Amino acid sequence: MIEIEGVTRRFGSITAVDDVSLTVDRGSITVLVGTSGSGKSTLLRMINRLIEPTSGRIRIDGRDTATVPGETLRRGIGYAIQGHGLFPHWTVARNIATVPLLQGWDAARIDRRVADLLALFDLDPAVFAGKFPHQLSGGQQQRVGVARALAAEPAVLLMDEPFGALDPIIRAKAQGDLATIQRRLSVTIVLVTHDMEEAIHLGDRIAVMDGGRLQQYATPAEILAHPAPGFVERLVGGSDRPFRLLALARAGDAAEPGSAPGDPVPADASLRDALAELLWRGTDAVAVAGPVPRRVTLPAILAHAGRR
Amino acid sequence: MRLAALIARLTAIVGLAALVLRPQWFRGILEPLTEHGAPAIYNQGDLLQLTLAHLALVAAATAIGGITALVMGILVTRPAGAEFLPLSRSIVNIGQTFPPVAVLALAVPAVGFGVAPTLIALILYGLLPIFENTITGLREVPASTLEAARGMGMGGWRRLFWIELPLALPAILAGLRLSVVINLGTATIGSTVAAKGLGEVIIAGLQTSNTAFILQGGVIVALLAVLVYDALGWVERIAARRAGRAAA
């Protein structure tokens with residue numbers, strides 16, 4: 001758990017982060033969203049003290065971060081940045097081993113960990129361990145960057161625009177992989193992005209920042225349905241808001257007993273996908289896969305698409 | 001292309017070895033350049049010993065100057081040392097613009113004749129390329145790389161030795177290469193203050209109007225410079241590859 005209490009950071013006369021308080025639950029993904037200059041990256045970098053707060057307090061699992069030496073603190077927190085920041089003169093294996101080396105792990109344990117992480121990220125250790133970063137594709141570099149951040153089994157992972165340099169198709173895949181890995185390792189993730197779509201897709205909770213202030217901190221559904229007036233409302237108020245809401249709900253959650261013709265959709269498909277399927281087939285109900293016959297109907301979908 | 005370069009390289013090595021070890025082979029070429037039956041082949045000392053002394057002088061000057069320039073370059077790129085950049089740059093620039101001959105003239109009264117004044121002149125003369133290239137190399141380390149290093153908990157020393165210096169190494173070596181080649185040529189003036197080196201051959205030729213000696217000394221120095229330049233270029237390419245940049 002990360003507790004941020006009344007944190008402010010000034011650079012000269014500019015207040016980059018202005019009295020922000022929020023609590024990040026253990027094992028959740030929290031996304032900081034905002035435009036450039038909103039203070040989201042500064043806030044993130046204050047969590048591992050790359051930037052020292054001017055005032056306020058940050059606690060990780062109850063311990064005040066100001067009481068830990070900065071380098072020790074950072075070795076215990078994963079950190080992944082845009083453009084991956086891999087060390088170009090080190091192999092993939094050595095890059096991933098960075099923090100374990102700093103923490104003084106023995107060689108056998110490091111080798112095991114590197115192989116495990118490469119496998120976890122779908123990179124064959126025999127092929128990739130000895131490669132240099134410039135021999136990898138953008139997507140592979142990004143995965144190695146995240147693997148490196150997770151190498152020393154941190155409880156907290158900070159990510160600054162980790163998918164910013166990827167093209168849209170690879171980005172969607174990388175986002176999906178991150179969600180999967182986060183569930184498997186139950187690491188607490190704080191991720192910075194300027195992309196609201198990404199925030200809604202990945203975040204358990206979203207913190208919207210503007211002008212250094214926290215505008216709203218809530219679940220994606222709450223932010224879409226009840227955006228705070230002003231900046232947040234403008235940010236999410238586009239015509240695709242109903243579809244974003246539908247993308248958050250699962251077909252299984254809106255299903256009712258009953259049957260419908262055609263192939264069933266998976267229970268964990270989003271309602272957005274179910275609606276697309278429904279429109280495509282020209283029917284008003286579609287079956288949901290499961291042990292008992294279930295279906296999701298157009299009225300049930302529409303009930304999820306609007307302000308409740 | 002590669003074959004041509006290899007042949008040129010081998011020719012230079014063989015030519016140098018012959019000039020130093022078997023100078024009498026060149027009697028036929030050099031004889032027409034002499035007058036009044038003067039000797040065509042340098043006869044006042046062992047060319048191999050002079051060559052080794054010359055190389056040792058340049059190596060010592062480059063080692064001392066290189067380490068000095070490297071340390072200065074590292075210091076002025078640290079936040080705490082940034083204010084010394086203009087001062088260091090001025091000192092190094094003066095070292096480059098002040099003629100080595102003038103340095104010799106000023107140094108001899110202070111430290112006497114021989115190797116010492118020559119070393120001082122060469123060290124001062126060779127600082128600039130290494131200093132400037134160290135600064136450039138360190139500044140060109142990508143900000144995201146340094147940010148990642150800091151974010152993973154590397155301290156200042158680790159960042160310097162694990163990340164910054166290895167990535168700056170190709171640029172530093174390029175500076176070193178330039179410095180070595182400049183000093184291989186410049187070291188010949190050391191012979192005017194009795195430092196052992198290939199300058200002796202050239203100066204002996206100048207004093208006796210013996211073009212054969214001048215040519216002999218000049219060609220040996222030139223071949224040394226070309227070969228050392230070539231060899232250091234090869235080391236530099238290996239370093240660049242290891243720094244993760246595709247070799248040009």
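Just after helix 7 of chain B, the residue B:Gly153 takes a positive phi of about 95°; this value, like everything below, comes from a predicted model.

Helix 7 itself spans residues 143–151 of chain B, and among its buried residues are B:Thr145, B:Ala148 and B:Ala149, together with B:Arg150 and B:Gly151.

Between the two chains, 18 residues of chain B are in contact with 18 residues of chain A. On the chain B side, helix 7 and helix 8 each supply at least two residues, and helix 7 gives the most, with 6 residues. The table shows how the residues on this side of chain B divide by kind.

| Kind of residue on the side of chain B that touches chain A | Count |
|---|---|
| Nonpolar | 8 residues |
| Polar | 6 residues |

A:Thr35 lies in the loop that runs between strand 3 (29–33) and helix 1 (40–47) of chain A. Is A:Thr35 buried or exposed? A:Thr35 is exposed, because 12 other C-beta atoms lie within 10 Å, and a residue counts as exposed if that number is 12 or fewer. Although A:Thr35 and A:Thr193 are 158 residues apart in sequence, they are 8.5 Å apart in space, taken from C-alpha to C-alpha.

Definitions and conventions
Residues are numbered from 1 along each chain as its sequence is written. Chains are lettered from A and ligands numbered from 1 in the order in which they are written. This is a predicted model: local features need pLDDT of at least 70, side-chain atom pairs count only at pLDDT 80 or more; totals for chains, interfaces and linings use all residues. A residue is buried if 20 or more other C-beta atoms lie within 10 Å of its own, exposed if 12 or fewer, and partly exposed in between; C-beta atoms are placed from the backbone. Helices (H or I, at least four residues) and strands (E, at least two) are DSSP runs, numbered from the N terminus. Two residues are in contact if their C-beta atoms, placed from the backbone, lie within 7 Å. Ala, Val, Leu, Ile, Met, Phe, Trp, Tyr, Cys and Pro count as nonpolar, Asp, Glu, Lys and Arg as charged, and the others, Gly among them, as polar.
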